[in-house]
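Hi everyone, let's get started. Please look at the structure on the screen while I talk.

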Amino acid sequence: MCHYCAYLKHVQSSSSTNISNQNSSSVRYHQQRQIRSYNLTVPLCLVSLTLFFIMLNVTLVLSQSSQIQQQRDQSSNKILQDTPQDFFGVNTNLDEDQQQAKYREYVSSTIKTANSSLTVLPPPKRRLTFEKRLIRDLLDNYPTIYARPIRNVSDPLIISFGLTLTQLFDVGSTGQKMQTNTWKTLKWQDMNLAWNPDQYGGLKTVCLPADSIWTPDVVLDNYADERLKDWREISAVIQHTGDILYVPATMQFSVCFLDITNFPYDMHECPLKYRSWTYDLSKLELVFKDDLFGIDMTAYVDSNEWRVKPLEAKKNVTNDTFSLLTFTMNIQRKGGLYGYILILPCLLLSAATMVVFWIPPESPAKMILTISIFSGLFLLLLLLAESIPGGGGTPQIGYYYCMNMVVVSVTAVLATIVIHIYIRGDRRQGVPPYIRRLFLQTLPRIYCMASKTPPNPPGPVTPRFGSPTPGALLLPEQIFLTPHYHEEEFSKKLKLLKQRFQDFHRQQQQKTLAASATNAMANETVAALSVNLRSIENDLKEIRDYLRHMKKKVEDNAQSNKTHDEWKQVALVLDRTFFFAYCCWLVLSLVIMFPKTPSISKNLWSTPATSSVINTTTGLSNFTMM
């Protein structure tokens, strides 16, 4: 056998083996697939049967409940046909026991029917009262809430509008805004909401939600709030004649331009303007309710910061022919608190500034107090900047604070000048004549100030060594301490001393000539004495020059001290002048900066205490009772 034939035989044998293996594997695969399909089919069949029986039970229950409902309606109609008046609780022939017995029979029959059908019935339907039936009839028959309730389209609908202020929360703290709590009272007539009271048990008043009927879109024209809605959901009070009273309570922000020039005693006039937003004058007209031309203040709660007085309201027409009602109120700030925390401390610091002029110039507390007052005014100015509300103008108290700080600065400069004059002065020359006349003669008498210059001694001063006897010799110390110490006196004393020595010398010469013959030693004594006398004369001349020098020195010191005392007196008088000038400025600034608060009693509108106010609140009382 060749090699090729052996290869073909081998290929045939291997192919037959593969085919047999493939056939066996395919058979096993089909068997496994049949087992799996059988396992899935059984659960699906069970689920399908379960769903079928559930749907069948639901269908049976629904059919039975519909039959029970039909039976209950038939029984209730039968009861209504038997006793039509008793359904509304008006039948007076049957007493309460009979009504309860009928109700028990009706309940027992209903329970039996329910037990027979193996279901539980709901509780019996309650009877409608006159008020519920009236509300149902009014709302079912109401045409639409988007059309005005009028018969003739060309006629305007009259809306009576009134405003009641209950609280004033804030003015100007968040800009030029006013936050108030008000009651808007609206009255109009809706022909679609009229009924006959006899058909509803004499019921004449009913309350309906405001969103289920037509309501006028009267809004605040000078509105300044980020909120889209500023009122609470309030029901409307409806009379059987069709008259509607609608009183929504609103908390609103309105624009109010403030003038804070007289802060904290400022006064403002803030308007509240109301108009229809979509209906012009040809479709809707606003009038004052019950002829009350102003804000009703009967329910107002007093504010701790503001005093409110209403002004007379005005009715006019806008440029785009819309009816507009303007309610204005006069608001005045109660400045008691601000007076204690802003004005009183400033006045006390101003009074403390006057003390600066009374402190002696040589004391360092004069400048220390000035700087302390300036720092206190600066802190008060910062507090004022935080307390001032937003508005137009600059408050006068701010000008007063700034002027006070300027005056305190000038006071520091003047105190420095006074200290300089007091301590140094001008010792090289005396006080000029015009300054002497003004500050040492005229002003001290006006200010009742005593002179600080030491006066001259009233009498002669007794010397230490007693009064000298006439003709006696004086020592230099005695001559210096003599009250009549001057050059002429000293020359007289010197001449007298020379004359006495000459007389003594002449007497000695006469004695010497007489005794020349007897004593030869006398000549030597006289010669020595003459020499001593010359030396004494020279010493006396030196003493005279020394005394003249001392006299000049003492006079210069006295003149310098006198000049210094005069300049001190000028400084004290100048300080006192500044004190009175500051007092005058303080009084003048208080009069100018804090004028009298204007009266708010002009053009005021007071709420009339008449029957109109009672009629105004009648609707509100009816609403409360309902």
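**Helix packing and cores**

H4 passes H5 in a left-handed crossing. Left-handed means the near helix is turned anticlockwise from the far one by less than a right angle; clockwise would be right-handed. Helices (H or I, at least four residues) and strands (E, at least two) are DSSP runs, numbered from the N terminus.

A word on the source. This is a predicted model: local features need pLDDT of at least 70, side-chain atom pairs count only at pLDDT 80 or more, and totals for chains, interfaces and linings use all residues. Residues are numbered from 1 along each chain as its sequence is written, and side-chain values use heavy atoms, with hydrogens and water left out.

Two packed helices are described by the angle between their axes and the distance between the axes. Axes are lines fitted to C-alpha atoms, for helices over the stretch in contact, and angles run from 0 to 180 degrees between N-to-C directions.

H4 covers residues 336-356 and H5 covers residues 365-387. They pack at about 165°, with axes 10 Å apart. H4 and H5 are therefore roughly antiparallel. The cut-offs: under 35 degrees is roughly parallel, over 145 roughly antiparallel, 65 to 115 roughly perpendicular, and the rest oblique.

Which residues meet? From H4, they include Tyr338, Leu342 and Leu349; from H5, they include Leu369, Ile373 and Leu380. The contact residues divide into 15 nonpolar, four polar and one charged. Here Ala, Val, Leu, Ile, Met, Phe, Trp, Tyr, Cys and Pro count as nonpolar, Asp, Glu, Lys and Arg as charged, and the others, Gly among them, as polar.

Next, H6, residues 396-423. Its axis comes within 11 Å of the H4 axis, and the two cross at roughly 15°. That makes H4 roughly parallel to H6. This crossing is left-handed.

Now the cores. A nonpolar core is a set of buried Ala, Val, Leu, Ile, Met, Phe, Trp, Tyr and Cys residues joined through side-chain atoms within 4.5 Å. Buried means under 20% relative accessible area, exposed over 50%, partly exposed in between (1.4 Å probe, protein chains only).

The largest core has 48 residues, and Met178 and Phe327 touch the most other members. Strand E1, residues 157-171, gives the largest share, seven residues. Apart from this core lies another, of 39 residues, including Val356 and Ile397.

Last, isoleucine 295. Where is isoleucine 295 found? In the loop between strand E9 (284-288) and strand E10 (306-310). At 1% relative accessibility, isoleucine 295 counts as buried.

Notes. Contact means heavy atoms within 4.5 Å.
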